[in-house]
Amino acid sequence: MELQQKSAERRRRGLFVVEGHRELEHCVEAGYEVDTVFVCPSVCGELDLPQGCRVVEVTEQVYGRIAYRGTTEGIVAEVRARQLSLDDLLTDGSTEAPLFVVLESVEKPGNLGAVLRSADAAGATAVIVCDPLTDLYNPNLIRSSIGALFTVPTVACSSEECIRFLKGNGVQILTAQLQDSLPYYDTPMTQATAIVMGTEATGLSDQWRQAADRHIRIPMLGRLDSLNVSVSAAILMFEAVRQRQAS
């Protein structure tokens with residue numbers, strides 16, 4: 001299925017693929033429009049399918065060819081893509097002190113999916129992906145996020161647009177970096193906050209370092225000088241949660 005393999009095809013058709021009951025349930029709850037559902041009755045049994053979508057029954061042989069992974073419970077759906085903008089993130093005014101996670105040029109879909117899972121667990125307001133090197137509807141990302149792509153508002157934009165948005169809305173910018181930084185637990189995060197992280201290989205660009213209100217770091221006690229970006233993001237998000245619950 002080309003939608004699973006080619007981001008250009010996803011953009012051209014405005015569709016992406018969701019596999020599995022749980023992922024599709026989160027997708028529908030988030031208000032996405034399901035176009036077509038392919039079901040393998042001998043694998044999935046009876047299903048409560050979204051209303052208004054086209055349903056195509058397939059054999060196990062056909063399902064084995066269209067499924068991206070083998071343990072998706074006999075259901076594969078084509079879903080209408082939608083693009084949130086930065087302005088969509090604060091429209092309801094329900095969050096007095098939003099918590100944003102910003103990722104610059106993160107390339108690996110699995111890392112981004114893991115960050116989304118942590119963002120969901122921490123109740124983050126949104127994840128903002130700047131200068132993305134991976135398609136937000138990459139099937140590996142959806143799989144690794146176990147549907148958190150649909151539960152956490154996620155926006156792709158340029159770093160310049162994101163910096164302008166954060167500063168324009170009074171959001172403090174905390175950049176995770178080793179140089180010229182303070183331990184994360186000594187940094188207040190109870191106000192509107194954006195935690196900004198770069199790639200494990202190159203870190204953050206100079207424009208983010210210069211735009212930051214504070215530079216923070218996770219103390220490293222071993223011989224290595226970096227953590228996986230998803231692990232680091234989880235540590236920093238839950239520090240914000242800790243501080244906010246204690247205040």
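**Sheet and pocket**

Modeller: In this predicted model, 7 strands form an open sheet with parallel pairing, in the order β7-β6-β5-β10-β8-β11-β9.

Biologist: Which strands stand at the edges?
Modeller: The edge strands are β7 (154-157) and β9 (182-183); each has a single partner strand, so one side of each is left without a neighbour in the sheet.

Biologist: How many bridges pair β6 with β7?
Modeller: Strand β6 (residues 126-130) pairs with β7 over 4 bridges, in the parallel sense. Within that pairing, Cys-130 has Cys-157 of β7 as its bridge partner.

Biologist: And which strands does helix α9 touch?
Modeller: Helix α9 (residues 159-168) packs on the sheet and touches β5, β6, β7, β8 (172-176) and β10 (193-197). Its direction makes about 160 degrees with that of β5. Helix α6 (residues 109-122) lies across β5 (99-104), β6 and β7, and runs at about 155 degrees to β6.

Biologist: Is β8 mostly covered or uncovered?
Modeller: Strand β8 is mostly covered, with 4 of its 5 residues buried. It runs parallel to β10, joined by 4 bridges, and Thr-175 has Val-196 in β10 as its bridge partner. With strand β11 (residues 214-217), β8 pairs in the parallel sense over 3 bridges; there Leu-174 stands opposite Arg-214.

Biologist: Changing topic, what lines the second largest pocket?
Modeller: That pocket holds about 210 Å³ of space. Its lining includes Arg-10, Arg-11, Gln-83, Asp-135 and Tyr-137.

Biologist: How does the lining divide into nonpolar, polar and charged residues?
Modeller: The division is 6 nonpolar, 3 polar and 3 charged.

Conventions. Residues numbered from 1 in each chain as written. Predicted model: local features only at pLDDT ≥ 70, side-chain atom pairs only at ≥ 80, totals over all residues. Heavy atoms only, no water. 1 Å grid on protein atoms, 1.4 Å probe; cavity = no way out; pocket = protein on both sides within 12 Å on 5 of 7 lines; lining within 4 Å. Points joined across faces, edges and corners; volume = space filled by probe spheres on them. Nonpolar A, V, L, I, M, F, W, Y, C, P; charged D, E, K, R; others polar. Pairing = 2+ DSSP bridges. Helix = DSSP H or I, 4+ residues; strand = E, 2+ residues; numbered from the N terminus. Contact = heavy atoms within 4.5 Å. Axes fitted to C-alpha atoms, helices over the stretch in contact; angles between N-to-C directions. Buried < 20%, exposed > 50% of the residue type's maximum accessible area, 1.4 Å probe, protein only.
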